[in-house]
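These are my notebook entries on a single chain. I looked up its contacts, strands, cores and helix packing in turn.

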Amino acid sequence: GSLWKQSERMAQTLRLIVDGSSESPSLGMLLDSTPECITAALAAFRAGLTLVSLPLPARGSAIEDYFGLVTEICRTAGVQSLVTDAKYVYALSELPSVAVYPFEVELPNVRRSPLESSSASFVQFTSGSTSHPKGVPLTLDELASNVLAIIDRLLPRPADVSCSWLPLSHDMGFVGMLLTSLCAAGQRWVGGGSLV
């Protein structure tokens, strides 16, 4: 619940960051497991943005290779703005035509105008380890169907705890672990897996 409340103000800020970039603005995000990142991901959906998943730098990889991967994903997805943990800004500050902001950015004069989240979507990219990265666009309804199918199969209980080594830039990390855990934690279940 607190993540949801915190995401409201950040949604306004993210909307201002990408405002005017296009009719269906895309926001790149380096997805890590910090509360700030999770709040920002929820905020992007609340702001009606297309959230484009960007991987974190891999251990031992050359910064030039990582920079090239992120540049290609941003170009392919039409990303003109991205947000990340402040510690990664150094690796991304030279991206052509992309403005980089830390999660903690606070823009002045943030208005609390109504937000339209119906246009929100998510683009999951492959890692690019075997070929050029390919993006799969998903609507929020498609994400919800995936999450509900996982919950229906696992039948989580209130005392259950989930833990994963998967990064949030991986579909099973973001959808299978993060979104599913958040949704399951907010539900009450009865026998047979019925949601009430």
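**Entry 1: Leu27 and the cores**

I listed the contacts of Leu27 (heavy atoms within 4.5 Å). Setting aside neighbours within four places in sequence, Leu27 touches Leu14, Val18, Ala44, Leu49, Thr50, Leu51, Val52, Ser81, Leu82 and Val83. The model is a predicted one, in which local features need pLDDT of at least 70 and side-chain atom pairs count only at pLDDT 80 or more, while totals for chains, interfaces and linings use all residues. Residues are numbered from 1 along each chain as its sequence is written, and side-chain values use heavy atoms, with hydrogens and water left out.

I then looked up the nonpolar cores, each a set of buried Ala, Val, Leu, Ile, Met, Phe, Trp, Tyr and Cys residues joined through side-chain atoms within 4.5 Å. Buried means under 20% relative accessible area, with exposed over 50% and partly exposed in between (1.4 Å probe, protein chains only). The largest core has 32 residues, and Leu14, Leu27, Met29, Leu51 and Phe174 touch the most other members. At least two residues each come from helix H1 (2–18), strand S1 (26–30), helix H2 (35–46), H5 and H6. H2 gives the most, with 7 residues. A second, separate core of 18 residues includes Val52, Ile73, Ala91 and Leu92. In soluble globular proteins, nonpolar side chains tend to be buried together.

**Entry 2: strand S3**

Helices (H or I, at least four residues) and strands (E, at least two) are DSSP runs, numbered from the N terminus. I checked which way the side chains of S3 (residues 81–84) point: Ser81 and Val83 go one way, Leu82 and Thr84 the other, and all are buried. Strands pair if DSSP finds at least two bridges between them. S3 is parallel to S1 over 3 bridges, with Val83 as the bridge partner of Met29. S3 also runs parallel to S4 (residues 99–102), joined by 4 bridges, and Ser81 stands opposite Ala99 there.

**Entry 3: H5 against H6**

At what angle do H5 and H6 pack? I found about 75° between H5 (residues 140–154) and H6 (residues 171–185), with axes 9 Å apart. The two helices are therefore roughly perpendicular (65 to 115 degrees). H5 contributes Leu143, Asn146, Val147, Ile150 and Ile151 to the contact, and H6 contributes Val175, Gly176, Leu179, Thr180, Cys183 and Ala184.

**Entry 4: the whole chain**

I noted 6 helices and 8 strands. Buried residues make up 39% of the 196 residues.

Key. Axes are lines fitted to C-alpha atoms, for helices over the stretch in contact, and angles run from 0 to 180 degrees between N-to-C directions. Angles under 35 degrees count as roughly parallel, over 145 as roughly antiparallel, 65 to 115 as roughly perpendicular and the rest as oblique.
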